[in-house]
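Colleague: I'd like your eyes on one part of this model, the aromatic pairs. Let me put it on screen before I ask.

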Amino acid sequence: MSASYTNETVVVNYRDAFPKAMVKNVIVVVLCISINYINVALLQTFCKQQIFYMNPRYILFFHLVLNDMIQVTLTVILFISSYIFFQINVSVCCVLILLALFATENTPLNLACMAVECYIAICIPLRHVQICTVKRTLMLIGLIWMTSMLSVLPDLFITLAIEPLDFYNSRVFCLRETVFRNPHIIKKRDITYIVYLVIVWFIIFFTYFKILFTAKAASQDATKARNTIILHGFQVLLCMSIYAEPLLRQVLQQWFPQNYSDSLFACYILFQILPRAISPIVYGVRDKTYRKYLKRYLLCKMGP
């Protein structure tokens, strides 16, 4: 029995009744609108203040928020489509899955880069201006996208090479496993996720402990940077927990067979939506400079 057939069989067996499906979709849409509304305010605040244009930290933050908006919007579209259409054209599903995967894999890499920028600002302050330039920051963002593409695009190329043309005109329940269903792709994905996990967590731990030692000198900026790294680590933990999702699905199906769809919904909220709600807290609320201009923007918007 193929993996794609198994996935679709599981989905059919655990489809929600209409009232429950309606509640879940309303929750997802409300969360999506709320997160994107806040993120739009953050992006517009960035665009209206020239002070942020020349700061690599805020440029990386802008990219993180924009990336989060893309990821949340695409995953919500896929979530709602699974209830409205159930099955969609493979070609359309393939495009949506690829874009969602790019955005998903960009997030931990972007957070790792932001942790390194914090480390340089606190531990090597005299060289921060020379190392962290706007040009290098933009090149780093390009490198993030290139890394994600090199991770994901081989799935597409392998599928194009081995699947018959009829497959791309068929309809499937839109999951990564139903579109990129070759066993070699799954093995490649698992190896890639392990490499991502090791590299990103090494960077998070390295920068945290370096800043921790610096913070012992009672530097207020160092202490704040250390706390920021902790939040980055928590966000990375949530983002990268999705890398264990295939195994988690199997465990949930065995442990909670009667509530499998509810368990998957909880995982979707926890691993896909919640991490994207942390970014506004880290910079939109905690960062004094950004908070000042964000308040000014919101007050102007609410004014007559």
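This is a predicted model: local features need pLDDT of at least 70, side-chain atom pairs count only at pLDDT 80 or more; totals for chains, interfaces and linings use all residues.

What share of the contacts in the chain with a separation of 6 or more comes from residues 24 or more positions apart? With that as background, please take me through the aromatic pairs in the structure.

Modeller: The share is 80%: that is how much of the contacts with a separation of 6 or more belongs to residues 24 or more positions apart (contact means heavy atoms within 4.5 Å). Numbering runs from 1 along each chain as its sequence is written, and side-chain values use heavy atoms, without hydrogens or water.

The chain has 13 helices and 2 strands (DSSP runs numbered from the N terminus: H or I over at least four residues, E over at least two). Of its 304 residues, 48% count as buried (under 20% relative accessible area; exposed is over 50%, partly exposed in between, 1.4 Å probe, protein chains only).

Now the rings. Searching the whole structure turns up 13 aromatic pairs (Phe, Tyr or six-membered Trp ring centres within 6.5 Å; stacked under 30 degrees, edge-to-face over 60, the rest tilted). Take Phe79 and Tyr268: their ring centres sit 5.0 Å apart and their planes make 15 degrees, so this pair is stacked. The two partners are 189 residues apart, with Phe79 in helix 3 (residues 56-84) and Tyr268 in helix 12 (residues 260-285). Phe79 is buried at a relative accessible area of 12%, and Tyr268 is buried with a value of 12%.

Another pair, Phe102 with Trp145, is edge-to-face, at 6.5 Å centre to centre and 65 degrees between the planes. Here too distant parts of the chain are linked: Phe102 is in helix 4 and Trp145 in helix 6 (residues 134-162), 43 residues apart. Phe102 is buried, because its relative accessibility is 8%, whereas Trp145 has 24% and therefore counts as partly exposed.

While you're on helix 4 (residues 90-123), Asn110 has its place there. With a relative accessibility of 1%, Asn110 is buried. Outside the four places either side in sequence, Asn110 touches Leu60, His63, Leu64 and Ile144.
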